[in-house]
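The sequence and structure come first.

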Amino acid sequence: MTTAEGAAGGLPAAPDAAPQAPRPPALRRVVGALRTGETGAWKWSARVAVVLPAVALAFAVTVLAVKAYPAIEVNGWHFFTGSSYKIGSAYAQTVRTDGVAHPEGSSYGVLALLVGTLQTGFIAVLVALPISIGCAFALTERLHPWLSRPLGFTIELLAGIPSVVLGLWGVLTFGPFLAKHVYPAIAHVMPNVAFFDWFKGTVGHGEGLLTGSLVLVLMIVPIITATTADLFRQVPPLPKEGGEALGMTDAEVASRITIPWVRSGIVGATALGLGRAIGETIAIAMISGSILHIAPNIYSPMSTIAAAIVTQLSSSLTDATGFATATLAEMALILAVISVGVNLVARWIVHRTSRIGGAVGRGA
Amino acid sequence: MRTAGRRKVFTVLFRVGTYLALGIVITPAVWVLVGVVAKAAPGWQWNVLWTPLVSNTGGIEGPLIGTLILMAGVLLIAGTIGVLAGIHLAELSKSVDRGPSSWLRMASDVLSGFPSIVLGYVGYVALVVGLHWGYSLLPALLILSIMVVPYIAKSTETALRQVPSSYREGAEALGMSTGFSLRRVVLKSAAPGIVTGILIALAISAGETAPLIYTANFSQTTWTGSFIGGHEFGYLTYMVFTYWDEPFKHDVQLSYDAAMVLVAIVLILLVSARIIVARTQRHAESRGG
């Protein structure tokens, strides 16, 4: 009888088998054992590897919960209704609340950071969504491949630019440009009535809520565009051709047929972008101005939970009781809950509609 | 007539809007790339790449080596685990949509949505302080790997699913064992997709800052060769994050240099990924598949 190598014909021979034939039965048994062994090795190593992300996830949540527990107990619900980050006096007596040691005068409130996180996230999504749909439409339906390929790749590159580089550009170039040429004009034309007066007032030097949100837009547009373009390509041609046959223009086909066809997929992609925006740290830490208050107007400096976790580390380490780092863990836990929640909803929506490859980048 | 006019206006506005949207994205993308080069180029000297980092003088040798070592470590750890996990999800698990595999896939998805700063803080609490490893290479590597494993697993799974099942059936009909056909037939066909995913994961880890601040901190000294024990080391992203704000002109220039080198690394990785994808597509088209 022929061996597996002989039958495989053009395929290269396995390195663990001697090339000569005929083969003694003993060698064939050894080769057979190695073959079976190889399958087993693949199966077992893959089985171990696939469990590791789940283990890491459980580990991360447990570590955060254990570390944050004293802070959750002491900070209580007031944590969500006030805004302060006071580590307390390093020289005064250590006091105990509910058995948890912390420096005298320490008080923490995450409200402003929470509001800042949601504000940057939602402004970014509001701006990014129409832009992404427009980009996806132009790339898939209107432009010739010789133009849409390089442009699509440029958008992909934007997703790959490190957030610290976008932050540097935002704080040195983009922010000052906006504060000088764009923000004053917006502030000037906005009427002085409720809601719109949020766009009035001092525009600052370009470090703040709006600049941060706009840089987030650049980070999430590639995610939403890539997913939306994929969805557009999956829309079957017949309904679109039917629309054209009825005399619809391409814009009408897009707004009446293509976009409604993939609506929930777009919603899911947008939620993925929102999750990415909420978790972004370094760029916001560089551009937001890092001030702990709820922004009085859209240009003013502020901060987010993610940015505060990174900017407050060194001061928190001065707290010898460790209460400040426990509070940081509580903030990290809140951030994780929000972004995982957003992410799960997004995946559920996308999963319900279609199976598509992810976009470039994490969180996609 | 009024309706026709309105339709025309809508169509024109829609078309203008889509091109405008494209312009709004492409302009800053080019602006960032050109801007980084424009900041760094005037004071650029090639020898910063191999000059050690010292206050107010010196180059970015240490941070560059740190970033490259981090990438190599992530390639080794996350590459192995991610590809194996992807193989399990696509090839070896019995059911796709139900049972333990779907739960493991979901855990991986949830992990990929975890903000990197949260993972960094977990690394700080559990590894740097909890296990007394101190700020050093191993905690940084582990946290970066945890970050990108879900991404590599997902792209590997997607690549494997695109391999036609006739390949596997053919291999089985020829008497190949599952492991042998996986190695010589299935993985070979999926290799371009898998490599692309790994390259993008490397680009992500090269550009990450937040989790490294909490696990490696920063030091001007080059990596000393030890994995744990409080041996802080330098990496490029941290230089971009802090040095631009320093009072000394030389330090500011170093942060621009670091940003440009970082962008160059990421560009090389993403362009290679794109070339691999384009080549494979052309190959597949020429075979009529």
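Chain A contains 13 helices and 4 strands, taken as DSSP runs numbered from the N terminus (helices: H or I, at least four residues; strands: E, at least two). This is a predicted model, in which local features need pLDDT of at least 70, side-chain atom pairs count only at pLDDT 80 or more, and totals for chains, interfaces and linings use all residues. Residues are numbered from 1 along each chain as its sequence is written, while chains are lettered from A and ligands numbered from 1 in the order in which they are written.

Of the 364 residues in chain A, 47% are buried, that is, with 20 or more other C-beta atoms within 10 Å of their own, C-beta atoms being placed from the backbone. Contacts are pairs of residues with C-beta atoms within 7 Å. Among those in chain A between residues at least 6 apart in sequence, 76% join residues at least 24 apart.

Leaving out residues up to four places away in sequence, B:Y121 touches A:I309, A:L328, A:A329, A:A332 and B:Y214.

Across the interface, 85 residues of chain A are in contact with 79 residues of chain B. Helix α2 (residues 25–75) of chain A supplies the largest share of chain A's side, 22 residues.

| Predictor score | Value |
|---|---|
| ipTM of the complex | 0.91 |
| pTM of the complex | 0.88 |

Technical notes:
Buried ≥ 20, exposed ≤ 12 C-beta atoms within 10 Å, placed from the backbone. Contact = placed C-beta atoms within 7 Å.
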